[in-house]
Amino acid sequence: MDERRTVKVSKYLSKHLRHQPGRIGIALDANGWVPVAELLGAAAAHGMRITRDELDHVVAENDKKRFTVETGPDGDRIRANQGHTVTVDLALEPAEPPAYLYHGTVARFLDAIRAEGLRPMDRHHVHLSPDRATATRVGARRGRPVVLSVDAGAMHRAGHTFLVSENGVWLTDAVPPRFLRLPGEPRP
Ligand code: HQG
């Protein structure tokens, strides 16, 4: 499977497993799962033929482990590991975060972030990375990246809940400004 095809299938899966299942007439269950056979059938019916081998390849090779396939009594099912805009309960267990987590963004959002902290915007959670390199890549999607550090240890002690997704992304409801350090500022 070539890289272009892999990216195309991955984007198609993300779109329908996170954002617009109704576009191809599928419904995710409460926890975000859909039978693999149903997904592939619906995709084909809407002009996107994906083989089971291709799907397995994308799930296994995806750089960010965006999807999980699970074998159940009724056959295999698939879901996106995070990043949904439709309502799903990923049933992730709260976990204790490392002392610091990182968030990659761009300069044009900094004034708002300084004033109101990090907000989930269109997603269900604020997404935080365990290392600066990952946060840099996340920020670079929008322009020249700016990496903020988050005093996750202090947030946790103050009672904020953290979840960690299947692919190592840390999720929390919001990050108040006092737990953020912008580049060039001392740690909070
Ligand atoms: C910004 C991708 C103004 C925030 C990535 C970000 C990640 C604010 C944008 C995952 C703000 C939201 C998530 C505030 C936050 N005022 N702007 N108060 N608070 N922002 O895409 O973290 O490819 O929803 O800095 O790799 O960029 O989808 O979040 O720039 O892991 O698998 O608002 O998405 O993964 O953008 O990215 P997003 P994100 P996937």
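What is the relative accessible area of Asp56?

Analyst: The structure is a predicted model, in which local features need pLDDT of at least 70 and side-chain atom pairs count only at pLDDT 80 or more, while totals for chains, interfaces and linings use all residues. Residues are numbered from 1 along each chain as its sequence is written, and side-chain values use heavy atoms, with hydrogens and water left out.

The relative accessible area of Asp56 is 30%, so this residue is partly exposed. Here, buried means under 20% relative accessible area, exposed means over 50%, and partly exposed lies in between, with a 1.4 Å probe and protein chains only. Asp56 belongs to helix α3. Helices (H or I, at least four residues) and strands (E, at least two) are DSSP runs, numbered from the N terminus. Between the C-alpha atoms of Asp56 and Asp151 there are 37 Å in space, and the two residues are 95 apart in sequence.

Lys65 is not a glycine, yet its phi is positive, near 45°. Most residues other than glycine have a negative phi. Ala91, also not a glycine, has a positive phi of about 50°; Ala91 lies in the loop between β3 (75-80) and β4.

Strand β4 (residues 101-106) contains His103. His103 has a relative accessible area of 16% and is therefore buried. Contact means heavy atoms within 4.5 Å. Leaving aside residues up to four places away in sequence, the residues that His103 touches include Leu118, Val126, His127 and Leu148. A polar atom of the His103 side chain also lies 3.1 Å from the backbone oxygen of His127.

Buried residues account for 43% of its 188 residues. Of the contacts between residues at least 6 apart in sequence, 68% join residues at least 24 apart. The C-alpha trace spans about 55 × 35 × 25 Å along its principal axes. The radius of gyration is taken over C-alpha atoms, and the globule rule is 2.2 Å times the number of residues to the power 0.38. For 188 residues a compact globule would have a value near 16 Å, and the 18 Å of the protein agrees with this.

Terms used
A polar contact is a pair of N or O atoms within 3.5 Å; within protein, one must be able to donate a hydrogen and the other to accept it, and residues adjacent in sequence count only if both atoms are side-chain atoms.
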